[in-house]
Amino acid sequence: MQIADTDILDAFKQNVNKGGSLLFRRYYKPLILFSNSLLNDDTFSEDIVQDVFYHFINTHAYNRISPNTLATFLFRAARNLCVNKIRNTREYTYAELLSFEATEEEAITFSPELVEAIRKAIRQLPEKTRAVVLSIIVEKKKYKETAESLNVSVNTVKTLLNHGLKQLRKQFSDPAIFLFMLSQQSCL
Amino acid sequence: MMIVEEKRTQIHDYLTGAMDEAKQQTFNHWLEQDEEAQQLFREEVQKFRRVEWAERWGQVNDMKAEEHWNDLKKTLKLDHQNKNTSKRILWLSTAAAFVIGIISTFLFYSKPTTTPTIQVAQSTSIKPGRPQATLLLENGEKLLLGETKDTCLILANQNKITISQAGELQYESVKGSKGEGMHTLSIPRGGEYKLALEDGTEIWLNSETKLKYPIHFSGKERRIILKGEAYLQVARNESQPFIVESGDMSIHVLGTSFNISNYTEDGKSLTTLIAGKIRIVMPDETKNITLQPGEQAIVEKGEISVKKVNTKLYSLWMKERFAFEKESIEQVIRKLSRWYNVSFTFADSKIKEKRFTGSIPKYSDISQVLKIIEMTTNIHFIIKDDMITIQ
C-alpha cells in the first residue's frame, strides 16, 4: 500500500520520529532516482537527498506545507541542490534546464504503484526492441555499444528505440494507468 | 522544416549522449527557437525517466533509507541540544533590527586587541575542517563566525548582513546606506567559509585564507584582495569590472567562475578558469595574459605561464572532495595540513617528490584519508597526537 502524503504530514504532527520514518519510506527511493537522473551520477545523490530531508525536518517545513504540495516541495528542493552542484563547476545549457523541468514533473506524478505497470509494458515489447530500450535508457549505453552487443547496425538501434518508445507511449496511455496518473496530477 | 520524426531522432541523439559538443550547441539553439520541439523534448525526457526509474526501482536499497533516517535522527538530536542557543540568536536578531550595534554581543565577541579563540581539535583525534571565520569590521571590531545559521545582523551604519540557512555570509545592498568601509574575512587552518557579496558574487574560501572587500561596491570597479585559496563565481556587470588582487598580480573579470590558489608557502599562485574569461594583469604589463576556460595561469617568481588543466581538480574542494592528479606528495600534504590543522614531518625528503593521483573525501576522519594515500603509494603515515610522520 502506498503511503499517502496526508498520512506523512499527520504523522509529523503527532511526532517527528514517526513522520520522518514515513517520509523516508515513501520518498527516499524516488528522490535518489531523481537526483541520479539530474546529475547523471550516483555518487552525490545520497548527500543531496539527505540535505533535502534534513532541511525539511530541521526547519519544520512539515508544519507549513499542505499535502498537495509535499511532493513538489521535496523534488524542487532536490532539483535546486542539483542545479547548484552543476552550476559550481560549469554553466548548464537550455536543454539541460528543460530536461530538469520535465524530469521534475515526471517525478511528481511517478508513484511506486506505477513501477509494476511500467515494467509490464516494457516486458511486452518485442525482444530486440526491449533489449535496445533497456540498454540505452537503463544501462545508459551508447548507440554503438548497444549495436555491437546486439549484433545490429546503429541505424537499427535508433529505429528500434524510436519504435519502443512509441509503443510504450501507447501503453502508458492505457486507460487504467492514465486515469490513475490523472488522479495523481489533479492533487497538485 | 523538420518533420516530427526527425525532431524526435534529434532529441534521442541528444539524450543518449550521441552528440559532440558542436552538435549539442546547435541542438540547444534549435530547441530554444522551436516550441514544438520543446514539447516533444519534454515528452521524450519523461518517457526516458519513467523507464529508467521503473527498471532501477529495485536497485535502490531500502535498507539504506532506514540507515540514512537513523543517521539523520542523530544529526537532528544534536540540533535539539543547541535549540536554546539558536532560539536566543533568532530572538536577538529580531531585537538587533531595533537596537543598533547589538550584534557584536550575541555572536562571539572580542575586542580588536584580543585574538579570537579557536577551538583546538583534541590532540588524540584530528578533525576535518568546518565552517569558521573571523570577520573584521570597518570599525575594528571582530566577530567570530562559527556554524551559526539563519541570522540577520544590522551593523552600526545601517548595513545589513545575513547568515543564511546554509550558513553563508551574505551582504545586501540597502538603499541610502553609505557604508564606505572594508570588511576582512579570515579563515583559519581547519576552516572554510562561503560568502555572497552585495552584487551577488559568490566566493568559497578555503583554509588559511584572507579576503578583504568593500561593504558596498561604489565607483568604477569592484575590487577585492585575496590571500590563500578561493573559488569565485562573479556576478556579471560589464559597467563595473570585478578585480581580484592577489599578490603581485590582479585578475580582471567580467562574469565567470574561477579558482585562485595563492599561498605564500606554496611559492606560486595558480589561477584556474572554469567558465567565462579573465585577464591576468602583472606588474610588468608585457606579461599580461587572457585565460580561456580550462586554462591555468601559474605565476612563480614574477614569471607567468599557462597550461591546460583538468578544472575539476581545482573546483572540487568547495564540495566534498580534494582531487589530485600526479600531484607531489609535498603539495598534497600541505593541503591536508591546512584542512586538518595538523603538522607533518617527512622522515625522508625524497618522499616529497612522489606523486599521488586520486580524490579524497574531505569530511572523513584523517586516518581514512591517509589510508587512501597509503593504498596507492608506498608511503606510510604514523599519527602521534597532532603530529604525523611520513615514511
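In the predicted model, A:Ala71, A:Thr72, A:Phe75, A:Arg76, A:Arg79 and A:Val83 of helix H5(A) meet A:Phe100, A:Glu104, A:Ala107 and A:Ile108 of helix H6(A). Classified by residue type, this contact of H5(A) with H6(A) comprises 6 nonpolar, 1 polar and 3 charged residues. Two packed helices are described by the angle between their axes and by the distance between the axes. For H5 (residues 70–87) and H6 (residues 94–109) of chain A, the axes come within 10 Å and cross at roughly 150 degrees. Because angles over 145 degrees count as roughly antiparallel, H5(A) is roughly antiparallel to H6(A).

Chain B contains 9 helices and 25 strands, and 32% of its 391 residues count as buried. Among the contacts in chain B with a separation of 6 or more, 49% are accounted for by residues 24 or more positions apart.

Within chain B, strand E3 (residues 133–136) pairs with two strands that are described here. With strand E4 (residues 142–145) of chain B, E3(B) runs antiparallel and is joined by 4 bridges, and B:Leu136 stands opposite B:Lys142 of E4(B). The hairpin formed by E3(B) and E4(B) has 5 residues between the strands, and in this hairpin B:Gly140 takes a positive phi near 90 degrees. With strand E8 (residues 182–187) of chain B, E3(B) is likewise antiparallel, here through 3 bridges, and B:Leu135 has B:Leu185 of E8(B) as its bridge partner. In a regular strand, the side chains alternate between the two faces of the sheet.

The contact between the two chains involves 42 residues of chain B and 46 residues of chain A. On the side of chain B that touches chain A, two or more residues are given by each of the helices H1 (4–15), H2 (21–33), H3 (35–56), H4 (62–81) and H7 (312–315), and by strand E16 (268–275), of chain B. Of these elements, H3(B) gives the most to the side of chain B that touches chain A, with 16 residues. By class, the side of chain B that touches chain A is made up of 19 nonpolar, 10 polar and 13 charged residues.

Notes:
Residues are numbered from 1 along each chain as its sequence is written. Chains are lettered from A and ligands numbered from 1 in the order in which they are written. This is a predicted model: local features need pLDDT of at least 70, side-chain atom pairs count only at pLDDT 80 or more; totals for chains, interfaces and linings use all residues. Two residues are in contact if their C-beta atoms, placed from the backbone, lie within 7 Å. Ala, Val, Leu, Ile, Met, Phe, Trp, Tyr, Cys and Pro count as nonpolar, Asp, Glu, Lys and Arg as charged, and the others, Gly among them, as polar. A residue is buried if 20 or more other C-beta atoms lie within 10 Å of its own, exposed if 12 or fewer, and partly exposed in between; C-beta atoms are placed from the backbone. Two strands pair if DSSP finds at least two bridges between them. Axes are lines fitted to C-alpha atoms, for helices over the stretch in contact, and angles run from 0 to 180 degrees between N-to-C directions. Angles under 35 degrees count as roughly parallel, over 145 as roughly antiparallel, 65 to 115 as roughly perpendicular and the rest as oblique.
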